[in-house]
Every structure is written in C-alpha cells, then in structure tokens.
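Welcome! Please take a look at the chain below, and then read on for a short tour.

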Amino acid sequence: MMHPVYMVVTQDKYELPIAWAESAWELARMLGVDVTSILKATGRREKNPRKKSKYKLVWVNDQDEE
C-alpha cells in the first residue's frame, strides 16, 4: 500500500531531505509554518514537476520487499 510522505528538501539539484513527516500538518507543526503553504507548494509541484519548491510530496510503499 502506498502512502504520502511530506518533506522539506535542499534547494540544489539533489533535493536532499532535511525533514519529513507522514502528513502536511505534522510537517507544518515541526517547522512552525502554516500548513497551507506546504499544501500549495506540493500541489503546484504535482501539476508542474519542473517547478522547484522546498516542499516535496513523495509516495512510498510501506510493504516489505521480499
């Protein structure tokens, strides 16, 4: 089963994760920012993947690989 992970990433070409959370609300609470800024940034990035943002939404598989 897939589930979303919200991340703050570096602003270079590698986009290394700085912080991550299971929800946008949890990440916003950790960073002390408004949740709408995270949701808007990830939404814009979903529509246009070439758009750069410090927030990123990644879908991960939670099943163990065998």
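Predicted model: local features only at pLDDT ≥ 70, side-chain atom pairs only at ≥ 80, totals over all residues.

Residues are numbered from 1 along each chain as its sequence is written, and side-chain values use heavy atoms, with hydrogens and water left out.

**The whole chain**

The protein chain has two helices and three strands, in the order β-β-α-α-β from the N terminus. Here helices (H or I, at least four residues) and strands (E, at least two) are DSSP runs, numbered from the N terminus. The C-alpha atoms fill a box of roughly 35 × 25 × 20 Å along the principal axes. Of the 66 residues, 29% are buried; buried means under 20% relative accessible area, exposed over 50%, and partly exposed in between (1.4 Å probe, protein chains only).

Helix 1 spans residues 24–31. Which of its residues are buried? They are Ala-24, Leu-27 and Ala-28. These residues lie on the same side of helix 1 because they cover an arc of only 100 degrees around the axis, the arc being that of the directions from the helix axis to the C-beta atoms. An α-helix has 3.6 residues a turn, so residues three or four places apart point the same way. On the other side of helix 1, Trp-25 and Arg-29 are exposed.

The elements in this table are among what covers the buried residues of helix 1, with contact meaning heavy atoms within 4.5 Å.

| Covering element | Residues |
|---|---|
| Strand 1 | 2–9 |
| Strand 2 | 17–21 |
| Helix 2 | 35–47 |
| Strand 3 | 55–61 |

Leu-31, also in helix 1, counts as partly exposed because its relative accessibility is 38%. Just after the helix, Gly-32 takes a positive phi of about 75 degrees.

**A loop residue: Glu-15**

Glu-15 sits in the loop between strand 1 and strand 2. Is Glu-15 buried or exposed? With 14% relative accessibility, Glu-15 counts as buried. Its side chain is joined to that of Arg-45 by a polar contact of 2.4 Å. A polar contact is a pair of N or O atoms within 3.5 Å; within protein, one must be able to donate a hydrogen and the other to accept it, and residues adjacent in sequence count only if both atoms are side-chain atoms. Leaving aside neighbours within four places in sequence, the residues in contact with Glu-15 include Val-9, Thr-10, Lys-52 and Lys-56.
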